[in-house]
Amino acid sequence: MTSDMGQNAGSSGSTAHKPFQFGTKAQTLAALAPLVKSAQVLDLYFFTVTEWHQDRAAVLALISERFGDIALVVRSSAHAEDQGDASMAGAFVSILNVDGGDLGVVAAAIDDVVASYVGHPDDQVLVQAMLHDVAISGVAMTHDIERGAPFYVVDYDDESGRTDTVTGGDSVHKTVIVFRDADLDLVESPRMRAVLALVQEVEVLCGGVPLDMEFAMQSDGSMYLLQARRISLQRNWLSGTERRVSKRLEFVEQYLTERSLPRPGLGGARTILGIMPDWNPAEIIGIVPRPLAASLYRQLVTRNVWSRARERMGYRAMPNEELMVLIGGRPYIDVRNSFNSFLPAGIDDQVADRLVNAWLDRLAAHPELHDKVEFAVAQTCLDCCFDEDFNSYYPDVLSGEELADFRSRLAALTNNCLDLGPSGTLAMSLEVIEELTTRQTLRKLETGSKGQREQFSLAADLLLECETSGTIPFSIIARHAFIGEALLQSLVRRGAIAENRLDIFKRSVRTISGELTSDFAAVCHGSFRPETFMMRYGHLRPGTYDIMSLRYDHRNELFEGSALGAEPQVPNFALTGAERQNMNKVLTECGITAVDADSLLDFARRTIAGREYAKFIFSANISDALEAIAAWGENIGLDREHLSYIEFDAMTDARVKPLLDDIDLHFIDLAEQGRRTVAMAQSLKLGYILRDRRDIYVVPLHRAAPNFVGSERAVAEPVLLGPLASSATDIYNRIVCIENADPGYDWIFTKGIKGLVTKFGGANSHMAIRCAEFGLSAAIGCGEGTFERLLGARAIEIDPLGKTLRAVDN
């Protein structure tokens, strides 16, 4: 009968100089037990299935003699498990908290484990003492399992006190990613440093092969190694990934250092980079966009549109600075540039410097606010809680005189923006959008004209028009919408109007998305022609900047499988006399003179609806430009996949610089370069917010505080949708999960969904507005860690009032 004395078995003397021999789970743990110094291996006993079948009584007697009546864990240790070419992780049963004092219970647990096997006679069963008083447990990988990038990846649970939650997938677990060559002093948590010390030790003992380990730590700091096995997916890794990633991280650190130096014309002694502040590239183009999408976003928004729009509204004129940078193919917002653009014009340079530094310090201390900087970090307008918030967050930043001047300038800017007259920036921007709408309509009526134009020139003209007549006015309208939202939320905080009443008001706002839903329902009911629907909405695509994402008018299945829920009831909303009086009183007290309560709601209606309409209109130019680029590419032998990896500027350059090669070969080479850039970006594991070098080498997987919408608790099965998902997918009465969303996803609201969860997105994002319009429960921008965990749940619960988003697995 095979057995092992756990930590007392083996000798480190003869084993240390030989290549480590992996065996079954039990054999590997037994071999490591006498060697590991930074952790313990729980006393263990194992036996084969054949031995169990031959003499159950003898096995049970040995278990009783060895462990007494303590609680046990009966674990699988199958022959096919934990092999170098296949881990079979989770394929077999293990039983926790088995009563060692009741041999009948022990026997039943063993039978359950054996019953989960496929029948190999050498399969084993591993018995160990049950570990109690667990403070932290989890799984650690010595490499990124998908691509073999050089990062330790630690998934852990420091809340439940159990040892199986991470492997079982039913916990609120967390993830930290640490570059393999990073100084462990960069890891702030002593417990995580202890975990990494164990991982590194076992890695050395096992000869440096990529490993997958399970661990647990008790509250007194005692560390236990629960399992070690080879990562079976290593055979799929590309050679050289580790070297290339290591080199690029050095460049990233150098770039961040240089980017953080003082810059002429900018307040702030340093910068922070983030994927979700301000124009939120994570939500709009994704965290690893393809080059064409990123280059179009740069041209239409982040090169200079963002700052030109704000300057027209009365914000500070910016030097020649771009808002977005691309680090290894990943888009980041330069937060110092963003914060400078939110300062009112005419502010003193020294005051600007202190304000930007204070805002950066608050964001650095509270990185969870990175998708809420306009509401919870920077004061971008005068709202009704300005004095309270500034004194709370930044009590010693400005002198009394400086604060009064800052407040006065913000008041002037805010009141100017609230001007609803024809000369106000809101009205003028809405007029520009209407003029663009007219030109788009005329183009649709010019039958045959599309074929008469050279396609790339058409694309270039459409994008130029989009910039001047689309994204600039949209930027202005969207900033007005932020101002309106900030004022309304501050009135709720001041008690002038209840939050549920504000929700009803938002549902009373009719947007273009609401019209889309009504027209979609009419098509499904036979009262609206599909051709008419496509004439108006056909340009929409789930990824506005993504040439790979299908437009509505290219989706033959768009109207199939529709299980239409009730259309959102648009409530009539009117202020009560008390609400009007309270709101007017608070607005007057804080210095808002351009509007009263009723005209503020009118302003909010116009900005909410106008923002969505402007996005709907300018996205048509982008969508048509992408189709023109696709047609141009087809003429020279390039498909959409090739084109998606080529920057638009490179396409433009080829038209003014003579090519010394066949045009298709030239662009295929560029596409291959872009493909390699994207592959490397996917291998890099960078923080979602880069404050200093620590965030380059030690990356907590993004966990954000979701922006909740709605008032009703929703519990339903989740369904994941990507940009290429069929609109015939059955999502009725389910909670839809999408990474990032724009108007191209609005078809989901025609399918009777129960709720919505997005990985990225802010409080004023398109989907937040859309869900408010429907009164739909939603959690917008929950972060990568939470999002990935929810996908494996049986059901999801969204409780907007309780501010709770969780997996439901029972």
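Predicted model: local features only at pLDDT ≥ 70, side-chain atom pairs only at ≥ 80, totals over all residues.
Let's start with an open, antiparallel sheet of six strands, ordered 9-8-5-6-7-14. Strands here are DSSP E runs of at least two residues and helices are H or I runs of at least four, numbered from the N terminus; two strands pair if DSSP finds at least two bridges between them. Strand 9 (223–230) and strand 14 (698–700) are the edge strands, each with a single partner, so one side of each has no neighbour in the sheet. From one strand to the next, the twist averages 15°, taken between axes that are lines fitted to C-alpha atoms, with angles from 0 to 180 degrees between N-to-C directions.

Val178 has Val698 of strand 14 as its bridge partner.

Residues are numbered from 1 along each chain as its sequence is written, and side-chain values use heavy atoms, with hydrogens and water left out.

The predictor's confidence in each residue, pLDDT, runs from 0 to 100; the chain averages 88, and 91% of the residues score at least 70.

## Helix 7 and its partners

Helix 7 (residues 190–205) has 16 residues and spans 23 Å from its first C-alpha to its last, close to the expected 22 Å; the expected span is 1.5 Å times one less than the number of residues. Its buried residues (under 20% relative accessible area with a 1.4 Å probe, protein chains only; exposed is over 50% and partly exposed in between) are Met192, Val195, Leu196, Leu198, Val199, Glu201, Val202 and Glu203.

Which elements do the buried residues of helix 7 pack against? They meet helix 2 (25–32), strand 5 (134–141), strand 6 (151–157), strand 7, strand 8 (211–218) and strand 9. Just after the helix, Gly207 takes a positive phi of about 80°.

## Other strand pairings

Strand 2 (residues 71–77) has six of its seven residues buried, so the rest of the structure largely encloses it. It runs antiparallel to strand 3 (residues 95–99), with three bridges, and Leu72 stands opposite Val98. Strand 2 is also antiparallel to strand 4 (residues 124–129), through six bridges, with Arg75 and Leu126 as bridge partners.

Strand 11 (residues 324–327) and strand 12 (residues 330–334) pair antiparallel over four bridges, among them one between Met324 and Ile333. These two strands form a hairpin with two residues between them, and Gly328 in the turn has a positive phi of about 60°.

## Nonpolar cores

A nonpolar core is a set of buried Ala, Val, Leu, Ile, Met, Phe, Trp, Tyr and Cys residues joined through side-chain atoms within 4.5 Å. The largest has 150 residues, and Phe339, Leu491, Tyr545, Met651 and Ile748 have the most contacts inside it. Helix 23 (residues 597–635) contributes the most, 18 residues. Setting aside neighbours within four places in sequence, Phe339 touches Val356, Trp359, Leu360, Val373, Val377 and Ala378. A second, separate core of 71 residues includes Ala30, Ala182, Leu211 and Ile275.

Key. Contact = heavy atoms within 4.5 Å.
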